[in-house]
Amino acid sequence: MEEKKMVNIKIEGHPYQVEAGLTILEAAKVCGYEIPSLCAFNHGECSLASCRVCLVEATGARGLVASCVYPVSEGMEIKISSPKATKARRTSVELLLSNHNMNCQQCVKNGHCELLHVANITGAREGVYQGVKTETTLDILGPGIMRDTSKCILCGRCIERCKKAQGIGILGFEKRGFNTIVAPAGNRSFATSPCLQCGQCTLVCPTGALTEMSEIPQIDKAMAEGKYVIVQTAPAVRSAIAEEFGEKIGTCGTGKMVAALHRLGFYRVYDTNFGADLTIMEEGYELIHRLTNKGTLPQITSCSPGWINYLEYYYPDLIPNVSTCKSPHEMMGAVIKTYWAEKKGIDPKDIFVVSVMPCTAKKTEEIRPQNGHDGLRDVDAVLTTRELARLIKRSGINWSKLPEEEFDPDLLGDYTGAAVIFGVTGGVMEAALRTAHKVLTGKEANPVTFTDVRGLEGVKEATLNLNGTELKVAVTSGMKNAKVLLDEIRAGKSEYAFIEIMCCPGGCINGGGQPYVKPCFLPNEDDNILDTYREKRAKVLYDEDERLPIRQSHNNPQIQELYKNYFGEPLSERSEELLHTSYNADRVRFPEN
Ligand code: SF4
Ligand code: SF4
Ligand code: SF4
Ligand code: FES
């Protein structure tokens, strides 16, 4: 292995050896100093050096330098706390505050706000500089995310994240000079732009300028009206919700989350994993049907709504390749308002289904007209993991004192290890292969047979031989990565039979509605937490899969009951009607506003 080149530097007069090529900000961190920063993000993912909050003095440079972009060099002496550097950083923050809408009490970022954090540590105060403020835009047409430019500090992180994760660059700088704002082209609304509503931009925004559209008020109303408010939680939520209450990343929050939901007054608390097992039954049989009837291949998974938005905007010609299965929470909602309602003797009109999801795009999925039945939506409200944490805090529930409780067991309570791993890239594929193996070979596969599709790489592939049928499969996450596979299909060059696509890099564990991972608020995590948090969350799900006694969807006893008593078999007329959906080939990328 090549030896790293090191350089000798001094910080505040103390000597250190650090890797050559690091920025001053990174080198200082390695040496145990925290220089305030705002626009910089994770190894220069965004390096506009626009905020000037990280200014320090350094020999060899004329005056003050932006430590987030300035590299260390041999013999460099760095002064972080000199009066000149300290005053300059405070002034930079005060200038940002002078053009900021400081209504912190009403801001969902309060408690996670990096601007308030740097104001606190630099000693900056609001009102030191006063003047005209930039005209602002409040885009609340949603339905997944909102934009409030009065809170924007023009750091550019969102622009870079959208390009890096999704490869589409919805956001950019619009207008000029003092009037500059961040917006979709032409300062359009998200609702009239080809935005996936994936929320990846909300994860990196340091302020309250980009956040999810909250649906907490709808839940309050349904509770007040005395509806049967039933909640379901997606697998990835448990992998991260404990972070919102100060627990280490990688802590499993299932038991306490269920206890909190019971205390919040939900009539039933179910796991979307039941819906995930149902999805595998329908999607697995759909694949087998396509394979044996010369159907359109490759079949592509359909459970990621950000991906479905991308499909409809950018690759509508590939709609025939996409599974018609609704996503697991939509299937679950449909089953609650039919099978479950019939069994309980409750009028479906009195049922209100809430999905807690790691995802902002699920808020776009719940309102699709094709995701409902008999004039009722399958799902009535979607909360992100972050919104659920807010609801728990609002109710005065002390997370640390909660006991561990189980999901409600009646009718829809069983779930398997196959369902749990839906929350991580490769999980749907692995779960589907466990069932496809049984159907095609008649034998139960050892669950560890299909682990080739695990890992966080952008594209993974595997070849399996199932009773003489060779299946070549691929798994991808992040639309920038997916584009490669989609272009192959479009060109007629794809070798795959089945492809799993997740919109967010790493899958739902890294969904746009998950807790923020902001190192400045995580003093007890590793220095490289931005590189490792996805693995830590994924491990929560793989560990649960290993612990569960049943690990194949087709062996879920309540799923077997559901088919026996209600649907008959996968792809039956009744299941096509309730569990499958359709896509829109005519979504216009830039409609007239
Ligand atoms: S973004 Fe931060 S500083 Fe601005 S209103 Fe929200 S909490 Fe306050
Ligand atoms: S929601 Fe997703 S697609 Fe839309 S601007 Fe943000 S990162 Fe880009
Ligand atoms: S919206 Fe947020 S991430 Fe984007 S430039 Fe403004 S403050 Fe930065
Ligand atoms: S963090 Fe360095 S200029 Fe913004």
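Which loop does P143 lie in? I found P143 in the loop between β6 (138–139) and β7 (145–148). My helices (H or I, at least four residues) and strands (E, at least two) are DSSP runs, numbered from the N terminus.

**Ground rules.** I am working with a predicted model, where local features need pLDDT of at least 70, side-chain atom pairs count only at pLDDT 80 or more, and totals for chains, interfaces and linings use all residues. Residues are numbered from 1 along each chain as its sequence is written, while chains are lettered from A and ligands numbered from 1 in the order in which they are written.

**Backbone.** I went back to P143 and noted that the peptide bond reaching it from G142 is cis, with omega near 5°. I also noted a cis bond between L297 and P298, where omega is about -5°. P298 sits in the loop between α9 (273–292) and β13 (299–300). I placed L154 in the loop between β7 and α4.

**Ligands.** I took a residue as near a ligand if its C-beta atom, placed from the backbone, lies within 6 Å of it. For classes, I counted Ala, Val, Leu, Ile, Met, Phe, Trp, Tyr, Cys and Pro as nonpolar, Asp, Glu, Lys and Arg as charged, and the others, Gly among them, as polar.

- Ligand 1 has 13 residues around it, and C104, C107, C113, T207 and G208 come nearest. I sorted this shell into six nonpolar, five polar and two charged residues.
- Ligand 2 is surrounded by 13 residues, with C162, I170, C195, C198 and C201 the closest. Both α4 (157–166) and α5 (200–204) supply at least two residues of the shell, and α4 gives the largest share, three residues. By class I have eight nonpolar, four polar and one charged.
- Ligand 3 has 14 residues around it, and C152, C155, C158, C205 and A209 come nearest. Its shell divides into 11 nonpolar, two polar and one charged.

**Helix pairs.** Two packed helices are described by the angle between their axes and the distance between the axes. My axes are lines fitted to C-alpha atoms, for helices over the stretch in contact, and angles run from 0 to 180 degrees between N-to-C directions.

I started with α2 (residues 83–98) and α3 (residues 114–122), whose axes come within 9 Å and cross at roughly 140°. That makes α2 oblique to α3, given that angles under 35 degrees count as roughly parallel, over 145 as roughly antiparallel, 65 to 115 as roughly perpendicular and the rest as oblique. On the α2 side I listed R89, R90, V93, L96 and L97, and on the α3 side L115, V118, A119 and T122. Here a contact means C-beta atoms, placed from the backbone, within 7 Å. I count six nonpolar, one polar and two charged residues in this contact.

Then I turned to α9 and α11 (residues 328–344), which pack at about 100° with axes 7 Å apart. They are therefore roughly perpendicular to each other. F274, G275, A276, L278 and T279 of α9 meet P328, H329, M331 and M332 of α11. This contact has six nonpolar, three polar and no charged residues.

**Domains.** The assignment, automatic or from a database, gives domain 1 (6–96), domain 2 (134–212) and domain 3 (217–579). I noted 28 Å between the centres of domain 1 and domain 2, taken over C-alpha atoms. Nine residues of domain 1 are in contact with nine of domain 2.

Note on methods. Contact = placed C-beta atoms within 7 Å.
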